[in-house]
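Welcome! Here is a short tour of the inside of a protein, meant for someone meeting it for the first time.

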Amino acid sequence: MKTVAIFSGFYLPFLGGIERYTYNIVQKFIDKGYNVVIVTSQHDKDLPTKEEFDHLKIYRLPIRKIWKNRYPFPLKNERYKQLISDITSEPIDYYVVNTRFQLPALLGAQLAKKAGKEALVLEHGTTYLTLNNSLLDSILHRIEHFLVKKIKKNTNTFYGVSKEATEWLKTFGIEAKGVIYNAIDLDDFEKYFSPKLSEKIVISYSGRLQAKFKGVEMLLEAFSELSKERNNLELKIAGDGPIYSEMIRKYSQENIQFLGHISHEDVMRLNNHSDIFVLMSKIEGFSTSMLEAALMNNVIVTTNVGGATELIPNQEYGYVIKDDKETLLKTLKLIVDDTKKMAEIQKRVHDRVVENFTWNKSIESFEKAFVELEKIEIN
C-alpha cells in the first residue's frame, strides 16, 4: 500500500479553499487504497500534535504565536524535533506540497529531497499575496521570490489547480508540468438537490468577508440598488470575517440575509436554493465555492480570477466580468430579466462541472503525476 504525504500550512478544522481541497483529495486517496500522512501547523493549541485514523495520520507542528492564523512560523522546540523524526520515519512514497511559500511546504520539499524523492508542488494562487499596502506589498513580493528560490533548490515539479495558476508560476521562472484541478464531489448533487419552493430569485455569496479581496462590498452595494427597482430578489451572504459586523450594520434591509459562518452542508443547501452566485474576487486559485454553486445549478457571475474562464468559456455558461459595480449591476439585471435564459445557463454550467471538475478526475491526474515522479527518481 503506497503512502502519500501532504505538506500544507493549515488543515481542518482551519477553514479555507486549500484546506477544503486537501480534505477532499485525502478522502479520494484513501478510497483508492493509499495511506495518507498530513504535515501541517498546530494553529490551535487545543489540537493534538499527532492524530491517527484508519489510513490517515496528521502531524501538527508547533508554531509561534505571531501571525499564527495567517503564516505559520515553526517553533523548533523538542516537540518539533520529535515530530520531524516521526515524519521522516514514515514510509512515504509521494510528497505533495501545497503552495510554494509557506514554511511547512518548504519543509516538505526538503524532506523529499533528503529521502531521495521529488516533491510535487501544487500552486493554488494566481497573483501575489497582498496586504493592501504598496510599500509592504513590494517587500512581500520580494519575500515570495526568495522563498520560491528556496523551494526550487529541492524540486522542479510544479502543478496548478487551474491553467491560470500554471501561467502564474511563470512569474517565478517555473514551467508547470500540468493541472490538477480543484473539483467537486459529484455525490453532493444527489445529496443536496431538492426542488426550489421560493418564487423569488435568490442571489448568493459564500466565503470569507474580507475587505477589498472577495468583492462582498461591491455585491451588497449593487444588490441594494437593484432591489429598489425589482421586488422579487433576495441576497444571502454566507461567511464570516473582519467586515461581517460592519456589513450587517450598513445593509439591514429585509431582503438581505447574513448567515454568518455555516457548515458545508448548509452552504450546499444554500447553493441548492440559490439562482445566481456572485464572486467579485481579486485573488483565487480556482474557487471551490464557485464550483459548488455551479454544480447546484447557479448562474455564476465572477471576475476573471483563477479558473473562471475554464469553468465559463463564454456567456453560454455564465459571466466573467470586469471588476466594477456598474458592470456587475448591468449583468445582474440581464440575468434576472430573462429567467428562461437563466435556466439554460444554469443547466449548461452544471453539466460542465460534472463532465470536467470532479475529484475522481483530479485523483487520476495525481496518479499520472506520480508515475512521472517515479521516472524522475529512477533517473
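The points below cover nonpolar cores, a cavity and aromatic pairs. Please keep in mind that this is a predicted model.

**Nonpolar cores**
- The largest nonpolar core holds 80 residues, and those with the most contacts inside it are Phe29, Ile276, Leu311 and Phe366.
- Helix α7 (residues 216–229) supplies the largest share of this core, with seven residues.
- Apart from this core lies another, made up of 31 residues, including Ala5, Tyr95, Leu106 and Val148.
- Leaving aside residues up to four places away in sequence, Ile276 touches a list of residues, among them Ile201, Val202, Asn298, Leu332 and Met342.

**The cavity**
- The count comes to one cavity of 30 Å³ or more, and the volume of the largest cavity is about 30 Å³.
- Its lining is formed by Thr40, Ser41, Leu61, Ile63, Pro74, Leu103 and Pro104.
- Elements β2 (35–41) and α3 (103–114) each give two or more residues to this lining.
- Five of the lining residues are nonpolar, two are polar and none is charged.

**Aromatic pairs**
- You can find 18 aromatic pairs in the structure.
- The ring centres of Phe7 and Tyr95 are 6.0 Å apart with planes at 15°, so this pair is stacked.
- Phe7 sits in strand β1 (residues 3–7) and Tyr95 in strand β5 (residues 94–98), so the pair ties together parts 88 residues apart in sequence.
- Both Phe7 and Tyr95 are buried.
- Tyr128 and Phe172 form an edge-to-face pair, 6.0 Å centre to centre with 80° between the planes.
- Phe172 is buried, with a relative accessible area of 7%.
- One aromatic cluster is formed by Phe29, Tyr34, Tyr94, Phe366 and Phe370.

Terms used
Residues numbered from 1 in each chain as written. Predicted model: local features only at pLDDT ≥ 70, side-chain atom pairs only at ≥ 80, totals over all residues. Heavy atoms only, no water. Core = buried A, V, L, I, M, F, W, Y, C linked by side-chain atoms within 4.5 Å. Buried < 20%, exposed > 50% of the residue type's maximum accessible area, 1.4 Å probe, protein only. Helix = DSSP H or I, 4+ residues; strand = E, 2+ residues; numbered from the N terminus. Contact = heavy atoms within 4.5 Å. 1 Å grid on protein atoms, 1.4 Å probe; cavity = no way out; pocket = protein on both sides within 12 Å on 5 of 7 lines; lining within 4 Å. Points joined across faces, edges and corners; volume = space filled by probe spheres on them. Nonpolar A, V, L, I, M, F, W, Y, C, P; charged D, E, K, R; others polar. Phe/Tyr/Trp six-rings, centres within 6.5 Å; stacked < 30°, edge-to-face > 60°.
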